[in-house]
Amino acid sequence: TEEDDMKRSVLSALLLCLLLSGCAKNTVRLAYPEEAPSVPSAAAPRICVVRLAQAWGGDPSVGVREDGSQFMPDSDVQDWLTHSLAVALTRQGLNAGTSYSESAARAAGCTTILTGEIQQVRLTEHSMTSYESSMRVVLNLDTPKGRIWKNSFSSGVTRTVVPLSSAPDGVLTENMKDITDSMARAVKEKLYP
């Protein structure tokens, strides 16, 4: 009937408005990974991840939208990547935790310490359905023998997505998981070749 067609048209228009307004948000959610499902054994090596430094100064943005406006994170990028790396290390079987400083890590009895710098976290919206994310982190691994390793990691993700408000969050989360998993595997291989 004509009335049903009208209802469908209004509903379609409302849905389109919701999708478009959802995509227009400039805040991206930094999704923290779920804690590792199992606790490492007491014999598992203990490693502390010191809060990663941020290389790009005081600019809080993590990327740019198609219209030139900035993507702003909903929480602290340094805490997000530091915590995510500790979770990834735990998933590799290491007994990992975080610390705000190297001196605090040592005071807590941690002798294997990861420090580093986040050199890039960049999310770019090419269109409502096309996103690109890239991350770069430099890590240093210190043990009781001194600094035994320094390595640079990068990861990039390009995705064509359904134009939902959560699309940018998902692309950034996928990129974070990729780089932290890569770093955790490399650290484990260095400690246990």
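# Close-up views of a predicted model

**View 1. Lys-150 lies in strand β9**. Strands (E, at least two residues) and helices (H or I, at least four residues) are DSSP runs numbered from the N terminus. Everything shown here comes from a predicted model, in which local features need pLDDT of at least 70 and side-chain atom pairs count only at pLDDT 80 or more, while totals for chains, interfaces and linings use all residues. Residues are numbered from 1 along each chain as its sequence is written, and side-chain values use heavy atoms, with hydrogens and water left out. Lys-150 counts as exposed, at 60% relative accessibility; the classes are buried (under 20% relative accessible area), exposed (over 50%) and partly exposed (in between), with a 1.4 Å probe and protein chains only. Setting aside neighbours within four places in sequence, Lys-150 is in contact (heavy atoms within 4.5 Å) with Val-138, Leu-139 and Asn-140. Leu-114 is 36 residues from Lys-150 in sequence, with 9.7 Å between the two C-alpha atoms.

**View 2. Here is the whole protein chain, with its 4 helices and 9 strands**. Of the 193 residues, 39% are buried. Among contacts with a separation of 6 or more, 74% join residues 24 or more positions apart.

**View 3. This view turns to the largest nonpolar core, which has 37 residues**. A nonpolar core is a set of buried Ala, Val, Leu, Ile, Met, Phe, Trp, Tyr and Cys residues joined through side-chain atoms within 4.5 Å. Which members touch the most other members? They are Leu-81, Leu-89, Leu-114 and Leu-139. At least two core residues come from each of β2 (46-50), α2 (77-91), β7 (113-127), β8 (130-143), β9 (146-160) and α4 (167-191). The most come from α4, which gives 9 residues. As background, nonpolar side chains tend to be buried together in soluble globular proteins. For a closer look at one member, follow Leu-89: beyond its neighbours within four places in sequence, Leu-89 touches Ile-47, Val-49, Leu-94, Ala-96, Leu-114, Ala-184 and Val-187. Another core, of 5 residues, lies apart from the largest one and includes Cys-48, Val-50, Ala-105 and Ile-113.

**View 4. Helices α2 and α4 meet in a right-handed crossing**. Two packed helices are described by the angle between their axes and the distance between the axes. In this pair the axes come within 8 Å and cross at roughly 50°; axes are lines fitted to C-alpha atoms, for helices over the stretch in contact, with angles from 0 to 180 degrees between N-to-C directions. The two helices are therefore oblique to each other, since angles under 35 degrees count as roughly parallel, over 145 as roughly antiparallel, 65 to 115 as roughly perpendicular and the rest as oblique. A crossing is right-handed if the near helix is turned clockwise from the far one by less than a right angle, and left-handed if anticlockwise. From α2, the residues at the meeting point are Trp-80, Leu-81, Ser-84, Leu-85, Ala-88 and Leu-89. Facing them in α4 are Leu-172, Met-176, Thr-180, Asp-181, Met-183, Ala-184 and Val-187.

**View 5. How many disulfides does the rule give**? The count is 0, with a disulfide taken as a pair of cysteine sulfur atoms within 2.5 Å. The sulfur of Cys-48 has its closest cysteine sulfur in Cys-110, 3.3 Å away, which is too far for a bond. Cys-110 is likewise in no disulfide. Both cysteines are buried, Cys-48 with a relative accessible area of 7% and Cys-110 with 3%.

**View 6. Ala-31 sits in the loop between β1 and β2**. At 13% relative accessibility, Ala-31 is buried. Its contacts, leaving aside neighbours within four places in sequence, are Trp-80, Thr-173 and Met-176. Glu-174 is 143 residues away from Ala-31 in sequence, yet the C-alpha atoms are 9.8 Å apart. Ser-75, in the loop between β5 (70-73) and α2, has its C-alpha 9.3 Å from that of Ala-31, across 44 residues of chain. Ser-75 is partly exposed, at 27%, and touches Leu-30 and Tyr-32, not counting residues up to four places away in sequence.

**View 7. Thr-27 belongs to strand β1 (residues 27-28)**. With a relative accessible area of 41%, Thr-27 is partly exposed. Not counting residues up to four places away in sequence, Thr-27 touches Met-72, Pro-73, Asp-74 and Asp-169. Pro-168 is 141 residues along the chain from Thr-27, with 9.2 Å separating their C-alpha atoms.
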